[in-house]
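Here are my notes on the model you sent over.

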Amino acid sequence: MMGDDGPAGFSPVRREAMERCKRGAEGLTVGTPPLPDSTAFAVTGLLHASALQIVQVENCHTAQRVADCFIDLLLCLFDPAPALEEQPAQQSRQ
């Protein structure tokens, strides 16, 4: 129901939900975004993508791992230092 498919008449409901989410994130900025609402779009996009993935998994353990992954991504928006610190270790494993 979070994707493009849905029951007849659901598109307006989905659009309204996304608009509410964007309004809730108004004024949220990280760094110096190129547009005033760039951070809000990034956050709502990550939330939307996480919901799409979580509803596709078949067990709670995997759903929790997906949620944790997206939480880590969201936290990187606000404090990118830990992600940058891990990068050299990840490169050495490749």
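1. Burial first: of the 94 residues in the chain, buried ones make up 14%. Bear in mind that this is a predicted model. The chain exposes about 7,100 Å², and carbon and sulfur atoms supply 58% of that.

2. As for contacts between residues at least 6 apart in sequence, 35% of them join residues at least 24 apart.3. The helix pair I looked at is α2 and α3. Helix α2 covers residues 38–54, and helix α3 covers residues 60–78. Their axes are 9 Å apart and the packing angle is about 170°. Angles over 145 degrees count as roughly antiparallel, and α2 and α3 are therefore roughly antiparallel to each other.

3. Which residues make up that contact? From α2 come A42, V43, L46, L47, A49, S50, Q53 and I54. On the α3 side they meet A63, V66, A67, F70, L73, L74 and L77. By class, the contact of α2 with α3 has 13 nonpolar residues and two polar ones, with no charged residues.

4. S50 deserves a paragraph of its own. Its place is in α2, and it is one of the residues of that helix that meet α3. Is S50 buried or exposed? Its relative accessible area is 12%, and the cut-off for buried is under 20%, so S50 counts as buried. Leaving aside residues up to four places away in sequence, S50 touches V66 and F70. Both V66 and F70 are also on the α3 list for the helix contact.

5. Where does the side chain of S50 find a polar partner? A polar atom of that side chain lies 2.8 Å from the backbone oxygen of L47. L47 is itself among the α2 residues that meet α3.

6. D68 is in helix α3. With a relative accessibility of 34%, D68 counts as partly exposed. D68 and S50 are 18 residues apart in sequence, and their C-alpha atoms are 9.7 Å apart in space.

7. T39 is another residue of helix α2. At 7% relative accessible area, T39 is buried. What does T39 touch, not counting residues up to four places away in sequence? The answer is L28, T29, V30 and P33.

8. Last, E26, which is found in the loop between α1 (10–24) and α2. E26 has a relative accessible area of 61%, and because exposed means over 50%, E26 falls in the exposed class. E26 is 14 residues from A40 in sequence, while the C-alpha to C-alpha distance between E26 and A40 is 6.2 Å.

Definitions and conventions:
Residues numbered from 1 in each chain as written. Predicted model: local features only at pLDDT ≥ 70, side-chain atom pairs only at ≥ 80, totals over all residues. Heavy atoms only, no water. Helix = DSSP H or I, 4+ residues; strand = E, 2+ residues; numbered from the N terminus. Buried < 20%, exposed > 50% of the residue type's maximum accessible area, 1.4 Å probe, protein only. Polar contact = N/O pair within 3.5 Å; in protein donor to acceptor, adjacent residues only side chain to side chain. Contact = heavy atoms within 4.5 Å. Areas by Shrake-Rupley, 256 points an atom, 1.4 Å probe, with all protein chains shown as cover. Axes fitted to C-alpha atoms, helices over the stretch in contact; angles between N-to-C directions. Parallel < 35°, antiparallel > 145°, perpendicular 65-115°, else oblique. Nonpolar A, V, L, I, M, F, W, Y, C, P; charged D, E, K, R; others polar.
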